[in-house]
Amino acid sequence: MAEQNHSVIQVVELTKVYKDFWGRERVKALNGLNMDVKRGEVFGLLGPNGSGKTTMVRLLLGLLFPTRGAVRIFGKSPREVDVKRLIGYMPEESHLYEYLNVEETLDFFGRLFKLTRAERRRRTEALIEMVGLQRARRRRLGEFSKGMARRIALAQALINDPDLLVLDEPTTGLDPLGTREIKDLIVTLRERGKTILLCSHLLADVEEVCDRICILYGGMARATGRVGDLLTEHHTEHQSLEIRTPVLPEAERRRITELVRSGLGPELAEGIKFGTPAKRLEEFFLRVVEKARHERLATAGAEVGGPAADFLTGAPEGEELVEELVGAAHPEAVEPEPAAPIPVVEREDRELIGGLLKGAQEEVAEAGTEEPQPS
């Protein structure tokens with residue numbers, strides 16, 4: 001599909017700074033970001049946790065105001081109502097009304113876009129079939145699993161037939177079948193001329209469906225371009241040629257290895273490897289992030305984790321308790337504590353104690369000889 005020159009998303013020197021109550025700068029989520037998304041392409045927005053992806057999406061939806069720079073959707077401000085009618089948004093967490101069923105949910109969102117009753121019914125039927133919720137169409141959303149909630153969230157994002165579709169982790173919680181259907185749908189929408197912004201940590205999915213990607217770190221774009229161009233290795237120390245074929249029998253693999261060994265030498269034959277095509281976007285992503293960290297680029301997000309905590313690698317704390325319980329169960333194995341020393345009574349103390357005891361005994365004897373008084 002030929003790339004159109006018209007830009008759907010334009011981001012120019014975009015900066016977003018979060019401040020505290022006193023107006024002091026707390027976090028710089030975006031730092032002079034420039035980005036341009038063309039009509040009819042699938043654009044992947046990648047980055048570690050805290051790199052600015054969520055802030056970027058909120059700015060595109062008009063939910064936040066930029067500190068500096070500009071954001072344009074179809075050449076207009078994202079806060080204009082006419083622009084919002086052209087956007088479909090599937091958030092990472094599906095916050096829908098749990099007391100509504102599937103039909104009522106789609107009808108509700110159709111009313112928000114002022115669709116006619118007949119159009120709402122037609123689109124509702126088509127979307128329910130598309131996401132595979134025909135049998136659950138009258139179940140309350142509060143009874144749905146996470147995967148089923150993701151399916152209805154996708155359906156509500158498409159109820160207005162948007163020109164721009166923003167998908168935030170669309171395959172999270174989906175089974176392999178649902179994931180495959182989502183990716184096929186993205187390809188179908190691209191063929192229809194829709195523009196899709198995809199935020200995902202599943203790099204294999206991004207590599208499969210995205211035309212271009214942008215990797216964020218510290219609120220800045222560290223790599224932007226077409227997926228094929230970014231993943232192509234140039235001028236490496238050990239250049240190699242990749243040939244993809246259908247699955248070959250073991251005998252054919254040995255014939256290819258012998259052919260290379262006889263024609264080019266045994267040294268080259270040692271580098272032959274057979275296997276399924278590997279996903280390399282993860283390797284490229286990690287290399288970009290590692291380079292940014294090596295340059296000590298400031299970021300408000302997650303950084304490289306350290307070694308395992310000491311209490312996780314040492315002896316379990318419960319072993320001490322077990323030893324105490326074992327000792328209590330076998331008292332003969334426990335050494336008795338030394339008896340407390342008997343205090344030494346001085347001579348003066350003994351005379352005082354004897355006098356007190358003698359006086360008490362005399363009082364008791366006298367009380368026993370007294371005659372009882374008449375009542």
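Q: Which residues is Lys-194 in contact with, leaving aside its neighbours within four places in sequence?
A: Lys-194 is in contact with Gly-40, Glu-41, Asp-161, Pro-162, Asp-163 and Leu-189, where contact means heavy atoms within 4.5 Å. The model is a predicted one, in which local features need pLDDT of at least 70 and side-chain atom pairs count only at pLDDT 80 or more, while totals for chains, interfaces and linings use all residues. Residues are numbered from 1 along each chain as its sequence is written, and side-chain values use heavy atoms, with hydrogens and water left out.

Q: Why is Lys-194 called buried?
A: The relative accessible area of Lys-194 is 8%, and buried means under 20% (exposed is over 50%, partly exposed in between, with a 1.4 Å probe and protein chains only). Lys-194 is therefore classed as buried. Its place is in the loop between α6 and β7 (195-199); helices (H or I, at least four residues) and strands (E, at least two) are DSSP runs, numbered from the N terminus.

Q: What makes the pairing of the side chains of Lys-194 and Asp-161 a polar contact?
A: The distance is 2.8 Å. A polar contact is a pair of N or O atoms within 3.5 Å; within protein, one must be able to donate a hydrogen and the other to accept it, and residues adjacent in sequence count only if both atoms are side-chain atoms. A polar atom of the Lys-194 side chain also lies 3.1 Å from the backbone oxygen of Pro-162.

Q: Why is Ile-215 called buried?
A: Ile-215 has a relative accessible area of 0%, so the residue is classed as buried. Ile-215 lies in strand β8 (residues 212-217). Not counting residues up to four places away in sequence, Ile-215 touches Leu-46, Met-220, Ala-221, Arg-222, Ala-223, Phe-284, Phe-285 and Val-288.

Q: Which residues of α3 are buried, and how do you know that they are on the same side of the helix?
A: The buried residues of α3 are Val-102, Glu-103, Thr-105, Leu-106, Phe-109 and Gly-110. They cover an arc of only 165° around the axis, so they are on the same side of α3; the arc is that of the directions from the helix axis to the C-beta atoms. These buried residues pack against α4 (117-131) and α5, whereas Arg-111 and Leu-112, on the other side of α3, are exposed. At the start of α3, a side-chain oxygen of Asn-101 reaches to within 3.2 Å of the backbone nitrogen of Glu-103.

Q: How many cavities of 30 Å³ or more does a search of the whole structure find, and what makes a space a cavity?
A: The search finds one. On a 1 Å grid over the protein atoms alone, a cavity is a set of points where a 1.4 Å probe fits but cannot get out, whereas a pocket is an open set with protein on both sides within 12 Å along at least five of seven lines; lining residues have an atom within 4 Å of a point. The largest cavity has a volume of about 40 Å³, a volume being the space filled by probe spheres set on points joined across faces, edges and corners. Helix α6 (residues 176-191) gives the most to the lining of this cavity, with three residues.

Q: What is the volume of the second largest pocket, and which residues are the closest to its centre?
A: The second largest pocket has a volume of about 540 Å³. Of its 19 lining residues, Lys-84, Ile-87, Tyr-89, Phe-113 and Gln-156 are the closest to the centre.
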